[in-house]
Amino acid sequence: MAADGGSASVQLPCVFSPKTQQYLALCAQDGKLRIWNTDSKTLHQEYVPSAHLSATCICISWGPCRTLKERPQRKKRKSEVAQVEESADLLAMGTAAGTVLIYSTTKGALHCTLDGGHSGGVNCVQWHPEDSLLYSGSDDTNIVEWDLQTGKTKSKWKADRGAVTSLCVSPDGKLLLSAGQTIKMWDLDTKEVYRKFTGHSTAVTTLCFATTRPPDSNGLYFLSGAAHDRLLSVWQVREDGKDKNSVVSFALSDEPQHIDLIASKSREEVMKLAVVCKDGQLHLFEHFLNGPCKKPLQPLCTVQMSDTKDTPMPIPLLAAALRTDMQTLMLAYGNHLQPVMEKVEIDTAERCVCLTRDVQTSLSISMATTVSKVKTPIVNAKSKVLVPGLPGHQAPVKGATQGQEKRKTGTDTKEVQMTIAERLGEIELSTKKGALKGTASLQTDHFAVLLVQGLESNDAHILNKVFQTHKDMIIKKTVAQLPLPAVLPLLEKITERLQGHPFMAVLMTRWLKAVLMHHTSYLATLPDLVNQLGLLYHTIESRVKMFHKLTKLHGKLYLLMSQVAASDRKPTVTTVDREAKLVYEEESSDEDEASGDEGLPHEDSDNWEEEEAMEEEDDDPESRSDSKANGEDDMEHENESEEE
């Protein structure tokens with residue numbers, strides 16, 4: 001059983017088929033689903049989803065084994081019918097687009113697509129052990145129950161405040177575990193919370209029932225593991241409800257990535273557990289689940305793998321499956337593009353076991369001819385194949401290795417017969433011709449040659465001189481003129497300097513941008529690109545994670561400094577001087593009366609109204625003369641009317 005990683009973990013899904021472990025299903029970095037046959041160790045099937053780049057696969061879960069319906073053939077005997085075994089067929093995949101894909105290994109094609117239930121990425125999928133039901137948890141905080149017969153949602157409910165990162169159905173199919181920050185146990189009949197468990201500080205990525213006992217007997221246990229947590233916690237579902245704390249914990253070397261266990265059926269039966277951690281180690285545990293244990297339990301045996309080179313390098317384990325006996329394991333290790341499957345017998349009496357294997361570095365994927373529909377072209381002996389780096393593609397700057405080969409193979413008699421004077425003359429002519437072309441091309445050619453020399457000789461002085469250029473045009477032309485064999489060494493040097501001083505990291509981002517703009521098509525053709533650029537990817541990812549926190553810190557510091565500056569600008573309040581600067585005293589009251597009478601009229605001007613009336617009468621004669629003239633005019637008009 002795999003630990004279905006959610007959005008909190010970056011691990012790629014990798015799951016063995018149940019019971020017989022005949023198939024290994026995994027999704028690699030290219031978004032394709034590959035199913036490997038563990039018996040023949042060949043690629044059994046490959047499926048490319050229509051949106052494998054935009055809607056990548058996040059989680060995988062095998063359905064319960066079932067008897068397959070074959071085509072109508074001759075009637076079989078009773079002995080032959082009894083020999084029919086159940087096998088794994090359906091495979092559920094949760095995608096980042098919120099859809100669930102059901103793939104059939106028998107058909108070798110997509111069985112159906114379940115969509116319309118989630119608005120966020122699907123982090124986990126779990127099958128019901130008996131009914132044709134499927135449960136999925138998503139970033140939209142909801143759990144959806146799918147009916148596979150109709151392909152539609154049967155029920156949907158909100159499970160948590162945050163994203164649902166893990167699910168697990170009980171062996172009897174009556175209870176469902178869901179987890180985000182807290183673990184909740186749901187009654188599938190009523191869709192109500194049966195119990196709550198709290199104890200993890202990060203998102204829970206692993207849930208698994210450890211026993212098959214009923215919950216009423218105080219014997220139901222389950223495991224939980226969280227992101228960035230080196231402990232697997234065991235919880236007991238008690239009848240009295242006093243199950244707030246974990247009863248047992250298993251100590252790990254890193255975050256759990258893949259889990260497989262053999263459940264305990266009674267108190268006297270031991271639980272067997274195999275945990276593959278993120279650092280590539282395998283830990284084996286055995287424990288009787290019959291009560292609490294205070295101290296974390298150490299692994300019974302730890303398994304590591306390494307290659308057979310002079311300086312051995314660790315080989316990461318991808319998944320592990322337990323057999324009925326604890327000593328036999330099915331291991332998957334190596335790369336996700338081409339894993340290596342192997343049955344191993346391990347002596348658990350030893351605490352640490354190191355297995356050395358010779359893993360081939362070439363990732364030539366071999367697919368069974370009965371399944372493959374890809375036609376391989378017939379290569380003629382006379383035909384020439386043009387690949388990047390061969391003379392068919394003209395590279396502006398050639399490496400030193402090509403020049404040495406030409407010197408060895410080329411036998412030109414004219415060059416041998418030339419004198420030193422003739423050679424010097426040709427050099428002068430070449431420099432004159434180059435001077436006429438302009439300085440920009442010479443500068444970029446000079447940097448490209450210097451960069452190739454620095455990469456070949458691993459000279460830090462030359463590389464620093466080239467990397468200190470700030471002009472984007474020079475950087476683009478230099479990278480464009482690089483030979484293709486020098487692209488990967490350049491990316492390695494850029495990765496080393498990105499981890500150094502921030503000033504140098506700013507310059508390296510310009511070089512990295514230019515390399516990705518000009519040589520992405522070449523990098524996409526490399527089969528082992530993931531291993532070679534893994535350090536660069538993790539460096540960029542760690543920097544991006546810290547950027548959000550740094551912006552928050554920058555905003556808080558900016559607010560704090562602005563408040564301090566505003567408080568400094570406020571004017572200081574000083575005490576008011578209450579002493580008068582000027583005092584005015586009155587000399588005498590007579591002067592006030594004299595000064596007050598200056599604006600009033602004189603006593604002689606009491607009859608000022610009569611004087612104004614006289615002035616108006618002086619103006620009246622004119623008005624009177626006007627009225628007289630008007631009266632005479634009126635009389636003349638009246639006389640004229642009487643005469644008429």
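Q: What should I know about the model before I start?
A: It is predicted, so local features need pLDDT of at least 70 and side-chain atom pairs count only at pLDDT 80 or more, while totals for chains, interfaces and linings use all residues. Residues are numbered from 1 along each chain as its sequence is written, and side-chain values use heavy atoms, with hydrogens and water left out.

Q: How many salt bridges does a search of the whole structure find?
A: A salt bridge is a side-chain nitrogen of Lys or Arg within 4 Å of a carboxyl oxygen of Asp or Glu. Here the search finds five.

Q: Which residues are linked with Glu46 in a network of salt bridges?
A: Lys32 and Arg34 are. The closest N and O atoms are 3.9 Å apart for Glu46 and Lys32, and 3.5 Å apart for Arg34 and Glu46. Arg34 lies in strand E3 and Glu46 in strand E4, 12 residues apart; strands (E, at least two residues) are DSSP runs, numbered from the N terminus.

Q: Is Arg34 buried or exposed?
A: Buried means under 20% relative accessible area, exposed over 50%, and partly exposed in between (1.4 Å probe, protein chains only). Arg34 is buried at 3%, whereas Glu46 is partly exposed at 31% and Lys32 is partly exposed at 25%.

How values were computed
Helices (H or I, at least four residues) and strands (E, at least two) are DSSP runs, numbered from the N terminus.
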